[in-house]
Amino acid sequence: MATGLLLTAAAASALLTAALPAHNPSSGFEDPPPDKIVIKVATVNGSGCPQGTTAVAVSEDNTAFTVTYSEYLAQAGGDSAPTAFRKNCQLSLIVHVPQGFTYAVASADYRGFASLQPGAKGTQRASYYFQGSPNTEYRSHPFAGPYENNWQATDTTDWAQLVWAPCGVQRNFNINTELRVSAGSDPEEVSFMTMDSTDGDISTIYHLAWKECPEKS
């Protein structure tokens, strides 16, 4: 990640003291606090995130948020269901930011576990876009068997290539993640890939970059 891409906690605190606009009932929030960003899940859809298995938490310094899942697993081979080789989850997030500022996702950290038999392949993929925007960023990370271990993948974006939220309007931010697994050389052996930690949940951390919106003339 480029130096200076994310604000320090102190700098973020200073910038976030800017006055907020009056509460907009259509924003999806009730009385958003004036000193920090607020992230709310508008919708969660996908085979990898059944209802009630997803949560979002915002860091204290407002430079990151974490999405946790509890049932996100793709598998192939053996007696796996024909549709089990691909799982996905699309999050639509409402992000409330202080007046005069905008944000972008500078990096995302994904973690999980994979058990891939010889010849098997696994892929973690993610795309990011704002509601109504034609700009979509894609990142993909391949894994190959034999593999029996935890895995980690990080998506990073240079400052000049960040896709910023439009200033002055409320647009939901959409994150679409996907896991794919293909069977190995022995189709009777099961291969799987999950974004999963030892406590049964996965943690996906998204780091935010901030900048001031241009003043209206």
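Leaving aside neighbours within four places in sequence, which residues is Ser92 in contact with? They are Lys40, Val41, Ala42, Thr43, Asn172, Phe173 and Asn174, where contact means heavy atoms within 4.5 Å.

This is a predicted model, in which local features need pLDDT of at least 70, side-chain atom pairs count only at pLDDT 80 or more, and totals for chains, interfaces and linings use all residues. Residues are numbered from 1 along each chain as its sequence is written, and side-chain values use heavy atoms, with hydrogens and water left out.

**Ser92.** Ser92 sits in strand S5, residues 86–96. Strands are DSSP runs of E, at least two residues, numbered from the N terminus. Ser92 is buried at 8% relative accessible area; buried means under 20% (1.4 Å probe, protein chains only). Its side chain makes a polar contact with the side chain of Asn172, at 3.2 Å. A polar contact is a pair of N or O atoms within 3.5 Å; within protein, one must be able to donate a hydrogen and the other to accept it, and residues adjacent in sequence count only if both atoms are side-chain atoms.

**Aromatic pairs.** Rings of Phe, Tyr and Trp (its six-membered ring) pair if their centres lie within 6.5 Å; planes under 30 degrees apart are stacked, over 60 edge-to-face, the rest tilted. The count is nine aromatic pairs. Two of them follow.

| Pair | Centres | Planes | Type |
|---|---|---|---|
| Tyr103 and Phe130 | 5.7 Å | 75 degrees | edge-to-face |
| Phe143 and Trp151 | 5.4 Å | 55 degrees | tilted |

Tyr103 lies in strand S6 (residues 101–116) and Phe130 in strand S7 (residues 121–130), so their pair ties together parts 27 residues apart in sequence. Tyr103 is buried at 3%, and Phe130 is buried at 2%. Ring pairs link Tyr103, Phe130 and Phe173 into a cluster. Phe143 is buried at 15%, and Trp151 is buried at 3%.

Terms used. Helix = DSSP H or I, 4+ residues; strand = E, 2+ residues; numbered from the N terminus. Buried < 20%, exposed > 50% of the residue type's maximum accessible area, 1.4 Å probe, protein only.
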